[in-house]
Amino acid sequence: MNVFSWFRDRIIAEVTGLALTGKLPAGLDTARIGVEPPRDPSHGDLACNAAMVLAGAARRKPRELAVLLAQRLLAVEGVATAEVAGPGFINLRLTPEFWHARLVDILKAGAAYGDSVLGARQPINVEYVSANPTGPLHVGHGRGAVVGDALAGLLRKAGFAVTREYYVNDAGGQVDALARSLRLRWLIAAGAEPADAFARAQAEGTVQYGGDYLVPVAEALWQQDGERWLAAPEEQWLPAFRGFAIESMMRLIRDDLAALGIHFDVIASERALVEQGGVDAALHLLEDRGLIYEGVLEPPKGKLPDDWEPRPQVLFRATGYGDETDRPLQKSDGSWTYFAADIAYHLDKFRRGFPVMIDVWGADHGGYVKRMQAAVQAITEGCGALDVKLCQLVNLLDGGEPVRMSKRAGTFVTLREVVDRVGRDVFRFIMLTRKNDAPLDFDFQKVTEQTRDNPVFYVQYAHARCSSVMRHALAELGGKTVSDEVLAGASLGCLTDSGEIDLIKQLAAWPRLVESAALVHEPHRIAFYLQEVAQAFHGLWTRGKENAQLRFIHLDDLQLTAARLALVRATQIVVASGLAVIGVEPVEELR
RNA sequence: GCGCCCGUAGCUCAGUGGAUAGAGCAACUGCCUUCUAAGCAGUAGGUCGCAGGUUCGAGUCCUGCCGGGCGCGCCA
């Protein structure tokens, strides 16, 4: 139950009721009515702007309208007080019984607490990582991977039918360059080139992918095919090496992602799309709509690229859809640009049944957002929507000192190294402690410390403390008295302390948080929310340290104990539920 | 030069058009015979980059400036 939308519906019903009795005009627009937690908790549990929003159309003063509504709301079940404040807010305070009932909701729903029907099973495609299959993933990819995966989990929680998708760029010049790099490694493995040939080629800049990760790939290919490719012409070995390299790199990448607990529903191949004629088909569609023409682009304003010269190109009329300039679709060698293939790919996604698509990209691709959105508009005739989440850089630190990274010097830190060092759960949580469009510092020392300023620890510690209390209760009272079913029937009226009620309010905010975060596509809100829940729980715990009356377990008062265990168990459920959405395993104890 | 993102407490950052703008860290003051003090409570700290505009109401939306990051025809 989303407390806020539930009361919003009640308030709208009251407005309708007042209109029926003639006390308000009929047909008022209630769309802008909102019910939110007041910024200042002393104002109450809920604040509603209905009176201010309706005042104009109703030709009444906001405060006068607010008084009218507030009187009616007092009769609604669960409402303790309804006050008019400020310019015309209606502040509602809810009864303890109402909050106690939310605890029952949580205990009955378990991990499913917060599941929403907001998405109405609407299909939505989340595409993320989509790194070129040319080497191991780096930490930046890892951020996109976590943001995409957590967003997918969040949307699923909110009731959307989510597909997790990876687009493999296995068709362009990059994978040909990969094949050539592999070829040289292979010639060395075959003994046809001296061992230092690779280093020399790198110094001359004639190979692009210099990482050691191609060495075992070359050896595997040598083991598999032997001398077969030694005398073969390039048109034969290139596709073979490319295919072998791509397959090996994708295996590597999938392993890296699996280490993060990330698995995709669909892995789409650019090459397959091109070979099946998808690009031609998509461009024909645009051509039929008169959106493709041959023309010469204006040079970019200001700084002119060194080798710029006017050149006729095949262009897409992106300017018709909000882009600054029209965009090229074909390279001078006649092959399609990446953009052309990406148009076809997004059309393919749309045709597979996804009117809503989300792409998670690195911030360095920010310049492509407008053109891609323009293309989606054009090719779906306005029926498709594309949201792009750009992820900023991750700064790797160790004890506050930047970790210097250089591909050439071999000091490059891969995603896999980081995940192996700090663990999957730590990595995932930390990646969500910033908005996707803000840069993020990742400090090896800080993220594994067990201190207050490590958010992962702080949240896990709250869960572990809940688990600890439940273990003690189980040992003292036995399984039957601490089951969720029994706790849901406890005399929750015993929970009267303000810290206890505040924690319940915090827990009851989870369904609303799921819905609002899903609507704006912002999974980081979950990590922030969990820190707030943890904070409320740690506070209550410590008060029990100081005042024995507030401790959870009282063997001389089983009724009180059951009520408090219901609160502890509900906290554990909500924290675990939140962690599950972002793919983090809750811990039972800290070591 | 153009486009996108960002600018909030000393530092790192939250803040879906609502009221007196929040949290953590750092600083200062307290709290451990107890279910894990690996923690908690309190004090102090602000021209929300600047200037206009829209609105009953702007940190939030619009315009212009200032400052930082990213990108800018055949790389993906």
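## Polar contacts with the RNA

A base nitrogen of RNA strand B lies 2.6 Å from a polar backbone atom of E309, a polar contact being a pair of N or O atoms within 3.5 Å, where within protein one must be able to donate a hydrogen and the other to accept it, and residues adjacent in sequence count only if both atoms are side-chain atoms. On the phosphate side, an oxygen of RNA strand B is 2.6 Å from an N or O atom in the side chain of K331, and a phosphate oxygen is 2.9 Å from an N or O atom in the side chain of W541.

This is a predicted model, in which local features need pLDDT of at least 70 and side-chain atom pairs count only at pLDDT 80 or more, whereas totals for chains, interfaces and linings use all residues. Residues are numbered from 1 along each chain as its sequence is written, chains are lettered from A and ligands numbered from 1 in the order in which they are written, and side-chain values use heavy atoms, with hydrogens and water left out.

## The surface near RNA strand B

RNA strand B is surrounded by 72 residues, of which N132, Q174, Y368, Q450 and R512 are the closest; a residue is near the strand if one of its heavy atoms lies within 4 Å of it. Of the atoms of RNA strand B that come within 4 Å of the protein, 59% belong to sugar and phosphate.

By class, this surface has 23 nonpolar, 22 polar and 27 charged residues, with Ala, Val, Leu, Ile, Met, Phe, Trp, Tyr, Cys and Pro taken as nonpolar, Asp, Glu, Lys and Arg as charged, and the others, Gly among them, as polar. The elements that each supply at least two of its residues include α6 (173-189), α17 (455-477) and α21 (524-546), and α21 gives the largest share, 10 residues; helices (H or I, at least four residues) and strands (E, at least two) are DSSP runs numbered from the N terminus.

## Domain 1 against domain 2

Chain A is divided into domain 1 (3-94) and domain 2 (454-581), with bounds from an automatic or database domain assignment. Their centres, taken over C-alpha atoms, are 31 Å apart.

Across the interface of the two domains the rule finds 1 salt bridge, defined as a side-chain nitrogen of Lys or Arg within 4 Å of a carboxyl oxygen of Asp or Glu. K505 forms a salt bridge with D45, and the closest N and O atoms of this pair are 2.7 Å apart.
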